[in-house]
Amino acid sequence: MTHLCVAIFVTDLAQAQRDVAAAAEAGADMVELRIDELTDATLVADVVKAATLPAIVTCRPTWEGGQSTLTDEERLDLLAKAAEAGASYTDIELETFGRAGGLPGDGGVAPREQRAGVIVSSHDFAGRPARLTTTLSELYAAPADVTKIIWTARTVRDNLEAFEILQRRVKPTIALCMGEAGLVSRVLAKKFEAFLSFAALKAGGGTAPGQVGVADMKRLYRWDALGTKTKVYGVVGSPVAHSMSPAIHNAGFDEVGFDGVYLPLLVNEGYESFKAFMESFVPFEGLDLSGLSVTIPHKENALRYLQEKGAQIEPLAASIGAVNTIVIDRTDGAIKLRGLSTDYAAILDSITAKLGITREKLADYRVAVIGAGGTGRTAIAALAHYGATVVVYNRTFERAEALASEFNGRSGKVVAARMEKLCDSCCQIYLNTTSLGMHPNVEQSAWGDAPPTLDAESVVFDTVYNPMKTKLLAQAEAAGAKTIGGVEMFVRQAAAQFEVWTGKPAPVKTMREVVERRLA
Ligand code: NAP
């Protein structure tokens, strides 16, 4: 069993009692009491005695990233008192261990029954330790019960090394990566049967960089449902920390009882970073990576990578030039990759559902696409494919022209127009794919304060979803037009990914509620 351990900085007895109680209520089954700031052995004993969960007691010195300025001897004395008072474990740095030549309070290795379990630990806040293998051997050689090695992930690939350590462990082991890229190791510690993973009492708090809040570990990342066979999914992008995709997919997995977990995967810009990620994560034994969402800045990289690998690619995704979904099929031990775009279908289906028409009927419509970036391109390719007449408006006119000449005549007609002319446009559908109006610039609208003539038959679709009702949509509503918000597209593209990965109908209602709750 992998413990979910909430790390608590102790300042006084009442605060420690409160925080331990809150950790228990949030679902932790262990706490780490960081007594770095304490110097009074009686207080340490009281804090330990009052803890209602099994406790690890740690007095981390400043030279190992903690706050204690006590000598080794003084810290070991405090830990000995903690052990006497009933701590389940004490955590001692490898370096302290080496200098002390044994366990706290006894000058050597005491009989097991006389002491708490001992965790021997090593931390590197700067990055992957240069002597990782040697350090690990030294940790294992120490007469401790649990080995703990923690470092700051330089890239998401460092997590794999933590998993390898867990796979080859010779005793109960904690191997975690700190920082944003290390989140993967914190959640998947349970899949790889680590001794524990740490969580913060509150999101954004904690005792080490990158600790996830205990409530998010339990609910958002499905801690209780995780097992060794859990399939792993994630969103590859940069930035990904605030992506809503983990919330929407994990809620979907929960709802249908699918054994999967979905994580943010921070992969730096550039094709080489994307390729290195794919080459290391996809084949990693035991990870069961089964599907990926791809977001900015990797949608084009994903297509290129899949093309290089000779993977199956949906034709329209190839003509759009971007893939937002990768399926990793591991049937019979062979790995097969498939790339598709659920973005274009989400755009088309949001419109056709609102109008109650088939995709083919789009050929009767004239659509203003505002924006010529990635989403604009997807919309133009998809609408033109079904024969719509598309007018592309963009701040940088040359980009609109380039897209018009690329997609004109494939099925529908595509022309470029100057942004200044947007308000004189006479289209039935307006589709904003720019970031205008997105939080915090909520006072912006692609139309400024002068919308074109709209009526009850007009459709106005804003792909921006934060806020849910943009100024553009409010203007459209005021003019009596039909409106479609960005949440509609977001939920549809996610639902299509969910279905292609799980083979189950997506619980769309739950997925939509999760997004709306987060945005509200
Ligand atoms: P992108 O490739 O960077 O394109 C941005 C577009 O916005 C470009 O056309 C750019 O014009 C235009 N733009 C940016 N700032 C502007 C300004 N101040 N005034 C006028 N035009 C401006 O971005 P993207 O990937 O297409 O994403 C664009 C938006 O789509 C996002 O902000 C997001 O809200 C939305 N989106 C929604 C979903 C969903 O599921 N609902 C999914 C993806 C994207 P220039 O060419 O002149 O720079």
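Helix 1 (13–26) gives the most to the lining of the second largest cavity, with four residues. Helices here, at least four residues of H or I, and strands, at least two of E, are DSSP runs numbered from the N terminus. The structure is a predicted model, where local features need pLDDT of at least 70 and side-chain atom pairs count only at pLDDT 80 or more, while totals for chains, interfaces and linings use all residues. Residues are numbered from 1 along each chain as its sequence is written, and side-chain values use heavy atoms, with hydrogens and water left out.

The lining of this second largest cavity is made up of L13, A16, Q17, V20, L33, V47, A50 and A51. Helix 2 (41–50), like helix 1, supplies at least two of the lining residues. A cavity is a set of points, on a 1 Å grid over the protein atoms alone, where a 1.4 Å probe fits but cannot get out; a pocket is an open set with protein on both sides within 12 Å along at least five of seven lines; and lining residues have an atom within 4 Å of a point. The volume of the second largest cavity is about 40 Å³, a volume being the space filled by probe spheres set on the points, with grid points joined across faces, edges and corners. Its lining divides into seven nonpolar residues, one polar and no charged.

The whole structure holds two cavities of 30 Å³ or more. The largest cavity has about 150 Å³ of space. Its lining has 15 residues, with R34, H123, K148, T207 and A208 closest to the centre. Strand 2 (30–34) and strand 6 (146–152) each put at least two residues into this lining. By type, the lining of the largest cavity has five nonpolar, four polar and six charged residues.

Now for the open space. The largest pocket contains about 1,700 Å³. Its lining counts 50 residues, and T295, I296, T375, M438 and Y465 lie nearest its centre. Of these 50, 20 are nonpolar, 24 polar and six charged. Strand 11, helix 11 (299–308), helix 14 and helix 17 each supply at least two residues, and helix 17 gives the most, with five.

Helix 17 (residues 486–502) is worth a look of its own. Its 17 residues reach 24 Å from first C-alpha to last, close to the 24 Å expected at 1.5 Å a residue; the expected span is 1.5 Å times one less than the number of residues. Helix 17 is mostly covered, with 12 of its 17 residues buried, where buried means under 20% relative accessible area, exposed over 50% and partly exposed in between (1.4 Å probe, protein chains only). Among the buried ones are M489, F490, F498 and W501. After helix 17 comes G503, with a positive phi near 75°.

Helix 14 (residues 374–385) tells a similar kind of story. Its 12 residues should span 16 Å at 1.5 Å a residue, and the end C-alpha atoms are 17 Å apart, which agrees. The buried residues of helix 14 include G376, T378, I380 and L383. G387, which follows helix 14, has a positive phi near 90°.

Next come the aromatic rings. Rings of Phe, Tyr and Trp (its six-membered ring) pair if their centres lie within 6.5 Å, and planes under 30 degrees apart count as stacked, over 60 as edge-to-face and the rest as tilted. The count comes to 14 aromatic pairs. F192 and F284 have ring centres 6.4 Å apart and planes at 70°, so the pair is edge-to-face.

Terms used: Nonpolar A, V, L, I, M, F, W, Y, C, P; charged D, E, K, R; others polar.
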